[in-house]
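User: Could you walk me through how to read some side-chain features in a model like this one? I'd like the general idea each time, then the case at hand.

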Amino acid sequence: MSERKAFIEARLSACLPPPGARPERLTDAMRYAVMPGGKRLRAILCLAAAEAAGGRAEDAAHAACAVELLHAYTLVHDDLPCMDDDVLRRGLPTVHVKYGEAVAVLAGDALLTLAFEVLARTHEARPGMIARLVSELAVAAGAAGVIGGQVEDIASAAAPTRAAIDYVFQHKTADLFRAAVRLGAIAVQASDETLENLSLFANGLGLAFQVTDDILDASESKSGEKPELSCLDVMSEAEARAWARQLTCAARAAIADLPGDASPLATIADRLLSRVE
């Protein structure tokens with residue numbers, strides 16, 4: 001994980017506008033939102049999927065960076081006062097707190113746009129590959145994916161239901177996990193069967209990730225905070241833990257027979273679940 005994280009961060013730094021590039025405030029805000037970042041989980045999954053499909057991680061490098069840039073944009077916008085209204089991200093002031101709301105909105109827009117620019121630089125090993133990659137990420141990010149999930153998240157926070165939880169978890173979180181893994185596999189020309197198995201893995205992993213995040217967030221929540229949608233609104237913590245275990249088990253089963261080394265994917269799934277075990 002640390003080796004892959006270093007690889008991704010070096011690539012991300014090179015993708016972003018260089019320090020001091022005009023408009024400097026926008027450049028600063030974009031780099032602040034991305035560098036340094038979190039675990040780089042989605043990007044690492046993209047690289048690991050390429051290898052599990054029997055290809056080289058390097059061939060999925062542009063796809064991995066694109067996913068991470070898009071993820072950064074979602075965090076910048078989610079933190080805005082009109083959304084989750086968060087003032088801290090990874091222990092630091094959020095982008096809108098540090099640079100102002102207008103610059104934060106534009107920095108998020110710029111990161112989203114840059115994600116597709118970087119993705120389009122992928123080596124096109126066969127005709128139509130880049131179009132397919134772009135389509136995969138666009139669908140996952142758009143109204144039927146992350147953005148739709150965020151809208152339902154906002155609408156359902158005050159009166160959560162299990163149906164709302166399922167929809168939001170699928171589209172706000174799992175869709176981007178699935179896209180990350182599929183992009184890695186497509187970049188190395190994976191077979192349809194391999195792509196389907198990796199998709200099942202990523203979908204289960206993304207859902208399990210959100211469930212475990214909710215469990216961890218509940219232990220750290222403070223009174224007076226703006227309410228956010230959580231699976232614990234509609235189930236007990238024991239039920240949530242059981243759900244996470246079930247999802248993780250199904251995810252691991254989906255990658256039992258792949259042409260490449262799937263052990264990094266399995267290890268990631270186990271580590272994410274261990275956060276609440």
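User: Let's begin with the surface. Which residues make the nonpolar patch of about 270 Å²?

Analyst: Keep in mind that this is a predicted model. For a patch, you look for nonpolar side chains within 5 Å of one another, each with over 30% relative accessible area. Here Val87, Leu88 and Val97 make up the patch, at about 270 Å². Val87 sits in the loop between helix 4 (61-78) and strand 1 (88-89).

User: On to charges. How many salt bridges are there?

Analyst: The idea is simple: side chains of opposite charge can pair when their charged atoms come close. The count in this model is 14 salt bridges. One of them joins Arg241 to Glu237, at 2.5 Å from N to O. Both residues belong to helix 11 (residues 237-254) and are four residues apart, about one turn of the helix. Arg241 is partly exposed at 24% relative accessible area, and Glu237 is partly exposed too, at 37%.

User: Which parts of the chain does the salt bridge between Asp213 and Arg275 tie together?

Analyst: The closest N and O atoms of Asp213 and Arg275 are 3.1 Å apart. Asp213 is in helix 10 (residues 192-220) and Arg275 in the segment after helix 12 (263-274), so this pair ties together parts 62 residues apart in sequence. Arg275 is partly exposed, with 27% relative accessible area. Salt bridges can also link up into a network, as Glu9, Arg40 and Glu68 do.

User: Now the rings. How many aromatic pairs does the structure hold?

Analyst: You describe a pair of aromatic rings by the distance of the centres and the angle of the planes. This structure has three such pairs. Among them, Tyr32 and Tyr99 are edge-to-face, 5.6 Å centre to centre with 70° between the planes. Tyr99 is buried, at 12% relative accessible area.

User: What about Phe177 and Phe209: at what angle are their planes?

Analyst: Their planes are at 45° and the ring centres 5.2 Å apart, so the pair is tilted. Phe177 in helix 9 (residues 162-187) and Phe209 in helix 10 are 32 residues apart. Phe177 is buried at 0% relative accessible area, and Phe209 is buried at 8%.

User: Which charged residue lies over the face of Phe209?

Analyst: That's Arg42, at 5.5 Å from the ring centre. Arg162 lies over the face of Trp243, with 4.4 Å to the ring centre.

How values were computed. Residues are numbered from 1 along each chain as its sequence is written. This is a predicted model: local features need pLDDT of at least 70, side-chain atom pairs count only at pLDDT 80 or more; totals for chains, interfaces and linings use all residues. Side-chain values use heavy atoms; hydrogens and water are left out. Patches are made of residues with over 30% relative accessible area and no salt bridge: like charges are joined within 9 Å, nonpolar side chains (Val, Leu, Ile, Met, Phe, Trp, Tyr) within 5 Å. Accessible areas come from the Shrake-Rupley method with a 1.4 Å probe; for residues, only the protein chains shown count as cover. A salt bridge is a side-chain nitrogen of Lys or Arg within 4 Å of a carboxyl oxygen of Asp or Glu. Helices (H or I, at least four residues) and strands (E, at least two) are DSSP runs, numbered from the N terminus. Buried means under 20% relative accessible area, exposed over 50%, partly exposed in between (1.4 Å probe, protein chains only). Rings of Phe, Tyr and Trp (its six-membered ring) pair if their centres lie within 6.5 Å; planes under 30 degrees apart count as stacked, over 60 as edge-to-face and the rest as tilted. A charge sits over a ring if NZ of Lys or CZ of Arg is within 6 Å of the ring centre and within 35 degrees of the ring normal.
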